[in-house]
Amino acid sequence: LYLTWFQFLIRYRRTILGPLWLLVGPALFIVMLGLLFARIGGIEPAVFVPHLAVGLITWTLISGFITGSTTVFQRGRAQILQGGMKLVDIIMVDVFSTVITFLHHVILVAAVFVFFGIGLSFYSFVSLIGLGLLIANGIWLSLFFGIIGVRYRDLSEVVQAVMRITFLATPIIWMPGAGGRGGVMGAFLVYNPFYHFVELIRAPLLGNPIAPLSWIVVITISLGGFGLAYFFYQRFARNLPLWL
């Protein structure tokens with residue numbers, strides 16, 4: 001945790017706004033596209049903008065885990081070759097760095113909720129369970145894709161391209177509607193794992209129920225992912241110095 005915070009402070013040394021620069025891009029995205037897409041879709045801004053804000057900030061956490069995981073060991077090459085840090089420690093530093101960035105973005109969500117007068121209830125704290133599951137998945141993702149990314153350097157480019165497409169396929173800048181699950185839109189909800197992770201965090205905050213399928217998908221992916229990552233770690237961890 002200390003190393004993560006130290007690297008975070010060094011990153012914004014000698015800047016005027018410091019870590020507040022993290023809020024500029026998402027804030028402009030939420031304000032401009034939130035009002036624009038709400039008008040295009042005929043949805044009240046008080047409904048669409050909070051939906052967009054929570055979805056976008058959650059997506060930055062998901063995207064940060066996945067895109068960063070493909071190069072986590074390449075960025076930690078010196079520590080690995082010198083034997084200064086364990087592989088798990090390198091992963092945890094990267095995961096904590098992404099979480100710290102996410103915590104700064106949460107300020108925008110709080111501002112949107114205050115502006116539109118959205119109150120929180122006891123049910124809203126269920127989103128913390130979803131957040132915990134998402135962070136846990138970030139650990140195995142970093143280990144799994146980190147190992148593959150060292151062996152196949154093109155993985156980072158492929159992942160970034162896929163993430164751009166899945167962002168559009170996930171209901172972040174659009175809303176599925178009441179009957180979305182039964183039509184063509186249903187495929188973007190039922191078979192999209194990113195939607196289920198976002199929904200575990202967004203639905204409680206907005207006072208919406210969480211579908212049982214979302215819990216099943218997220219828990220299944222979590223258990224299967226840790227098992228897969230453990231297998232890859234036991235099988236290929238010793239080869240990382242050679243691949244680097």
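This is a predicted model: local features need pLDDT of at least 70, side-chain atom pairs count only at pLDDT 80 or more; totals for chains, interfaces and linings use all residues.
Does methionine 32 count as buried or exposed, and at what relative accessibility? Methionine 32 counts as exposed, because its relative accessibility is 57% and the cut-off for exposed is over 50%. Methionine 32 lies in helix α2, which covers residues 21-41. Valine 49 is 17 residues away from methionine 32 in sequence. In space, the C-alpha atoms of methionine 32 and valine 49 are 9.9 Å apart.

Now step back to the whole chain. The protein chain has twelve helices and zero strands. Read from the N terminus, its elements run α-α-α-α-α-α-α-α-α-α-α-α. The chain has 244 residues, and 45% of them count as buried. Take the contacts between residues at least 6 apart in sequence: 74% of these join residues at least 24 apart.

Helix α6 comes next. It spans residues 87-115 and has 29 residues. At 1.5 Å a residue, α6 should span 42 Å. Just after α6, glycine 117 takes a positive phi of about 65°.

Two packed helices are described by the angle between their axes and the distance between the axes. Start with α3 (residues 45-69) and α7 (residues 126-151). They pack at an angle of about 20°, and their axes are 7 Å apart. Angles under 35 degrees count as roughly parallel, and α3 and α7 are therefore roughly parallel to each other. The crossing of α3 past α7 is right-handed. On the α3 side, the contact is made by Thr58, Leu61, Ile62, Phe65, Ile66 and Ser69. On the α7 side, the residues are Leu131, Leu134, Ile135, Gly138, Leu141, Ser142, Phe145 and Gly146. By class, this contact of α3 with α7 holds nine nonpolar residues, five polar ones and no charged ones.

The second pair is α6 and α7. Their axes come within 9 Å and cross at roughly 140°. That makes α6 and α7 oblique to each other. Their crossing is right-handed. From α6, the contact uses Ile91, Met92, Val95, Val99 and Phe102. From α7, it uses Leu131, Ile135, Gly138, Ile139, Ser142 and Leu143. The contact of α6 with α7 divides into nine nonpolar residues, two polar ones and no charged ones. Leu131, Ile135, Gly138 and Ser142 of α7 are listed for the contact with α3 and also for the contact with α6.

Follow the chain out of α3 and you reach threonine 70. It sits in the loop between α3 and α4 (72-75). Why does threonine 70 count as buried? Its relative accessibility is 2%, and the cut-off for buried is under 20%. Which residues does threonine 70 touch, leaving aside neighbours within four places in sequence? Its contacts are Phe145, Gly149, Leu155, Ser156 and Val159. One of these, Phe145, is also among the α7 residues in contact with α3.

Glycine 207 is found in the loop between α10 (193-205) and α11 (212-236). Glycine 207 is exposed, because its relative accessible area is 53%. Where does serine 124 stand relative to glycine 207? The two are 83 residues apart along the chain, yet their C-alpha atoms are separated by 6.9 Å.

Technical notes
Residues are numbered from 1 along each chain as its sequence is written. Side-chain values use heavy atoms; hydrogens and water are left out. Helices (H or I, at least four residues) and strands (E, at least two) are DSSP runs, numbered from the N terminus. Buried means under 20% relative accessible area, exposed over 50%, partly exposed in between (1.4 Å probe, protein chains only). The expected span of a helix is 1.5 Å times one less than its number of residues. Axes are lines fitted to C-alpha atoms, for helices over the stretch in contact, and angles run from 0 to 180 degrees between N-to-C directions. Angles under 35 degrees count as roughly parallel, over 145 as roughly antiparallel, 65 to 115 as roughly perpendicular and the rest as oblique. A crossing is left-handed if the near helix is turned anticlockwise from the far one by less than a right angle, and right-handed if clockwise. Contact means heavy atoms within 4.5 Å. Ala, Val, Leu, Ile, Met, Phe, Trp, Tyr, Cys and Pro count as nonpolar, Asp, Glu, Lys and Arg as charged, and the others, Gly among them, as polar.
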